[in-house]
Amino acid sequence: MQHVKVPQDRIGVLIGEGGETMREIERRAEVRLDIDSESGSVAIETVGDPVSGLVAPDIVRAVGRGFTPESALSLLDDEMRTFELVDLSEYTRNKNDLQRQKGRLIGENGRTRELMEELTGAEVVIKGSTLGAIGQPEEVQAVRRAAGMILDGAPHGAVYSFLERKHNELTDGFDVRQSG
């Protein structure tokens, strides 16, 4: 039995309309979820495949950190897909600093966050004091690295260049903007 804490404002998303999302997670991850909507505590009990059961806490955590249930459940689609959280409060001195850094990570009209997603292939969510990423290990690592550069004060241009290079490595030079 594992326990995960989910923010109050995400309990509804985790449960879903009429318990739909909760049942889907239980079915696909082969677990039983016991959600305490008062405290935000979620008890996770594996009832089927232990490997899927190991992924369930990350699925619940990902939904709690702002990912859609579909994105979180994608962790079951491929055993290489990973979920990682960067605790932004470790890089900031106070609430104002945290807000400023979150602003830099999100970028004007969400552009920086969008580019991180576009160029790495990972999904990126910034919520509360965390940045979450779901993707293949090398995609998630590129997001972590780009976020680290921004948090260390690197100019956005330098971060974008890094992401472009990473994108070319990950896609063997396939340019995402040329397609479609």
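Author: Happy to! One definition to start: domain bounds come from an automatic or database domain assignment. Keep in mind that this is a predicted model.

Reader: Got it. Which domains does the assignment give?

Author: The assignment gives domain 1, covering 2–76, and domain 2, covering 82–178. Their C-alpha centres are 25 Å apart. Where they touch, domain 1 contributes 13 residues and domain 2 contributes 13 residues.

Reader: And how much area do domain 1 and domain 2 bury between them?

Author: About 980 Å², with 68% of that on carbon and sulfur atoms. On the domain 1 side, Arg65, Phe67 and Leu75 account for 62% of the area buried against domain 2, more than any other three residues.

Reader: Nice. Switching topic: how many salt bridges are there across the interface?

Author: The rule finds one between domain 1 and domain 2. Looking at particular residues, Lys127 makes a salt bridge with Asp9, and the closest N and O atoms are 2.9 Å apart.

Reader: Which helices of domain 1 touch domain 2?

Author: α1 (8–15), α3 (50–64) and α4 (69–73) each provide at least two residues of that side. The largest share comes from α3, with four residues.

Terms used
Residues are numbered from 1 along each chain as its sequence is written. This is a predicted model: local features need pLDDT of at least 70, side-chain atom pairs count only at pLDDT 80 or more; totals for chains, interfaces and linings use all residues. Side-chain values use heavy atoms; hydrogens and water are left out. Contact means heavy atoms within 4.5 Å. Buried area is the accessible area (1.4 Å probe) that two parts lose on being put together, summed over both. A salt bridge is a side-chain nitrogen of Lys or Arg within 4 Å of a carboxyl oxygen of Asp or Glu.
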